Amino acid sequence: MAPHKLDLEVDGLKIKIAIDRGGTFTDCLGIIDGREDDIVVKLLSQDPQNYEDAPIEGIRRILEQATGKPYPRDQKLDVSGFSEFSVRMGTTVATNALLERKGERVALVITKGFADSLRIGNQSRPDLFSLNIVRPDVLYQDVIEIDERVTIEDYQQNPFRDEGKIAAALETDPDLVKGLSGEVIRILKKIDEEQVRQDLQRLYDQGYRSIAVCLVHSYTFQEHELAIQRIAREIGFPQVSLSSQLLPMIKMTSRGISCTADAYLTPVIKRYVEGFREGFSDGLQSQNSRCEFMQSDGGLVSYDKFSGLRAILSGPAGGVVGHARTSFDPEDATPVIGFDMGGTSTDVSRYDGNLEHVFENTTAGVTVMAPQLDINTVAAGGGSILFWRHGLFVVGPDSAGAHPGPACYRKGGPLTVTDANLYLGRLLPEYFPKIFGPNENESLDVEITRKKFTELAQQINEETGQNKSAEDIALGFIEVANECMAKPIRALSEARGFDTSAHNLACFGGAGGQHACAIASSLNIQTVIIHRYSSILSAYGMALADIVHEAQEPSSGVFDEAAMETIKERIAALKKKVTSELIGDGIPPDRITYEVYLNLRYKGTDNLLMILEPASNDFSAEFRTQHRREFSFDIPGRPILCEDIRVRGIGKSLSIPAEAPQAELKATTTTAVGKDKQDDECIVYFTNGGHSKTPVFFLGNLTAGSQISGPAMIIDATQTIVVEPSATATILSKHVILHVPSTRSKESETADTIDPVRLSIFGHRFMSIAEQMGRTFQKTSVSTNIKERLDFSCALFSPEGKLVANAPHVPVHLGSMEYAVRYQHEQLGPSLKPGDVICSNHPIAGGTHLPDITIITPIWDAAGHAIIFYVASRGHHAEIGGTHPGSMPSDSKLLYEEGAQTTGFKIVSANTFASSRVHQFLVDEPARFPGCSGTRTYADNVSDLKAAIAANNKGGALIAALVAEHSLPTIHKYMRGIASTAEAAVRSHLRAVAATHPAGTPLTFTDYMDDGTPIALAITIDARTGAAVFDFAGTGRETFSCLNAPPAIAHSAIIYALRCLLGVPIPLNQGVLAPITVRIPPATLLNPSPAAAVCAGNPITSQRITDVVLGAFGAPGGGAWGKPVDKPPKTTSNGFTVVVGA
């Protein structure tokens, strides 16, 4: 956009500048009142030879273009002459500090006895198969324990809770106070202020200037944290972060980590902001100046209130706001999926008229709890490296980065997605600046991509016996990359009960336009919206965003009409609080609106939903509606609890109108644009069509109403849009609309040949089904074991019950469920009918231990005549009866002592839940044994069983959608192909191992349980075929204890160990064990008799088996565990403490 002279005087200018400071590039947008064209500046975020700060340099260039006057780099920017000057910025400063661990030196102040709680963290397992687990470092360097303690008086879900007694005690007992949530708090130990002062002074003397304070129950009882803050301020600490003030929500670990992140990052943010302001002569403090920063929740805040905790997603948040304001039309109301494809990753989000927030997100190994936009990220972008591995096309997650970058950057980099696009003609080097090569003065290198893809095609053809061209190989990688990027979109929509095809796709980011049509086609989305600023939409989103202040308080108790009266009073107080903040930021009261949220859940569940106040004002009805959509079920008659009250105050600060294209599109008369209007021509390689002459159009030369039929390329200075042969592009004043035809017609293949590209894509689709089942199971369950400890697994199986895809949730479940499904297929297969679901947990039926209950659902063809797949979900139930609560008795000797057991029954028959049979299984049958009880948490058991059924139903629906898209024979062909791929990878690894050992010499290893029982293993490998026999002969006899492990556990340990040893991702299916023969003598520790106790075999013996397998291969193991301990009869805790990898 060329600059031009303004008729206005410089002193009368109103200038609005929006900036997205990214890791590689900084995008700047200048909006000048009275000027038709905006000013766009794109520059490197780091260029110390030319400028110190990229945003200041971008503003300098904008001012020069806007005024026609020079603004020297060695002088501070003088903006005092403008009538209005505002800067809005999103920045990666906080993210980079977190990634590079370059934050402030922080000390943690925490309740005595909890010094290590944040270091222990939670159950998350970022890399399940790593043999060298590296825990992210905590962000604090020292810990001060405060000798204080408060507790909740009684507990909310006590069925015998006496409210009157508690209220009376509150009046007479000086140690009882009412917390912010309404809960009654007992002060067990008051804070010793003098001791706190001494401890904090010691920290200050040691050089600490930032502290994080997190005390037990401070979300509702804040007085002790506030006292610590007061003392710290008196001592002189400039940064004091209180967990109770940042986000007063339950969950101490998350609150503490978040508080520590704030203390770690806020000083960095403040230093950056101060440095930025120093670039202006008035420090941006004049009345005509404003400076605001984007927060992770999509709202702007004044620079002096910008904090580290809310800055982590500052940049991506701008893109979400940008696509929301430029793509969603309230009249049309079609929801929008945002697709932001960058160099190293792709961000996806969803907008349906309201910004969707989550309260936990993990960045650089740190899980913070704060309101933030729901953005899903996948490690697939333009710089993602392409691999040919074990017969599969693999894209990412490794990235070439900026240095060396893709191969075509002329710096010796590897093949990437960008190289594939360039080689196929989807990027035009003649329209790129010459900034590549060692001296950054050359164009993109097409020849190196041709050479590398030709070499790779030769390798693939030699290994597969096929005859694919280099173009086919490059296109195959593009298709696999598209599937990788479509996967999180399905998770964002389908996994939450939304139909993906009922959305529009808003495409932006530097590489998005090259993939837009293909992504939309994959998801059956028929409309793609690309804004004119799509390549800098995050910056534009800053210009469109609102000023936001939030206030939140905890709540407790049943949500009913009586409670609503009190809640309304609290809402009014919170509104007053945010209004004061917004008015202080210069927002007039008439431009302030509010969003009111209640965080609700059903009593006895942990399925919290943050409900926005509906037009009807009926929070309860809206909660039930969203609960049914999100979790596929409702719980009529169960009380609803309110956990939090949240008010979001929104100040409309700039009058830039929304730019949704729907109304303009309807009113526009289109005119077909032929090749006679093209600006250039190129050769592009497309699916099916091969090389095609493709017209090139400059976007700036096209007028509104122009319609272009594919194939075509539309380019401007910052983006390239590929219009596929079947698509059309309509040009509007500020948008390009791509119309992509529906792909609902079923595809089929008749040849028996396995196409490695489609094999890779089907591998992603199969795994995606298992993963979405897992998300459904986790969300719909009520058990802490499943929701937080993640002790569950979901998987997809062949019609014969063989494992197709197992989402990597819990290692001990990997592969073991196959034996449970095959057992039921053999036992009940002939009697199964559509609408049947099976329940099983017995060790002889493929179980691991009794609390792990497996729900198996056969998936039928459309006619209901044949089983085409099985799906199964296995979850650990916290209680199923037996001699002790928790159903994990460390003193058990026989299986019946460990609770309910079944080799299998139909838990659902003809779509009807078998309530009486479930009660018999969980309550009646266990209680018949001496000293045993039925389950003590029957209602929770039923809820978790129904959650597993819901997860299986999700899997069935996704399989049906896959069958609708492809023919069943094609799907089964690639199902078998995926298994063959895994088998080939394992055989190759075993052959490589055999080559390093003397012929015929088995790999052996023996280790011992604490009681001296040996676990012996000899692995004999056939060096020619890669087959192996895993022989556990020499393992000790079964014990008269609970340490026995059913055979399924040994199979799981073998799969897990082999995957760890391979070191690269492979499909987790029955192919992994296809080359393996497992021999376990009967009546031994690893193959006990049907009546033997087994509850500890799953969490404890399984680790020792894994150590033995890894030991035989010479790899490090080393699982360590605490000794099993009996629990008092009335506790509900499990009977074991397990510490892995110590």
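Buried means under 20% relative accessible area, exposed means over 50%, and partly exposed lies in between (1.4 Å probe, protein chains only). The model is predicted: local features need pLDDT of at least 70, side-chain atom pairs count only at pLDDT 80 or more, and totals for chains, interfaces and linings use all residues. Residues are numbered from 1 along each chain as its sequence is written, and side-chain values use heavy atoms, with hydrogens and water left out.

**Exercise 1.** Classify serine 1102 as buried or exposed, and find its contacts.

Solution. 
- Step 1: Locate the residue. Serine 1102 is in helix H25 (residues 1097–1112). Helices (H or I, at least four residues) and strands (E, at least two) are DSSP runs, numbered from the N terminus.
- Step 2: Apply the cut-off. Serine 1102 has a relative accessible area of 9%, so it is buried.
- Step 3: List the contacts (heavy atoms within 4.5 Å). Serine 1102 touches Val812, Ile1049, Ala1053 and Gly1097, leaving aside residues up to four places away in sequence.

**Exercise 2.** Describe the place and surroundings of threonine 605.

Solution. 
- Step 1: Threonine 605 sits in the loop between strand S24 (592–602) and strand S25 (609–612).
- Step 2: Its relative accessible area is 5%, so threonine 605 is buried.
- Step 3: Threonine 605 touches Ile635, Arg638 and Val782, not counting residues up to four places away in sequence.
- Step 4: Compare sequence with space. Threonine 605 and leucine 641 are 36 residues apart in sequence and 9.7 Å apart, C-alpha to C-alpha.

**Exercise 3.** Which residues make the contact between helices H23 and H24?

Solution. 
- Step 1: H23 covers residues 968–995, and H24 covers residues 1047–1062.
- Step 2: From H23 come Ala985, Val986 and His989. From H24 come Leu1058, Leu1061 and Leu1062.

Terms used: Axes are lines fitted to C-alpha atoms, for helices over the stretch in contact, and angles run from 0 to 180 degrees between N-to-C directions.
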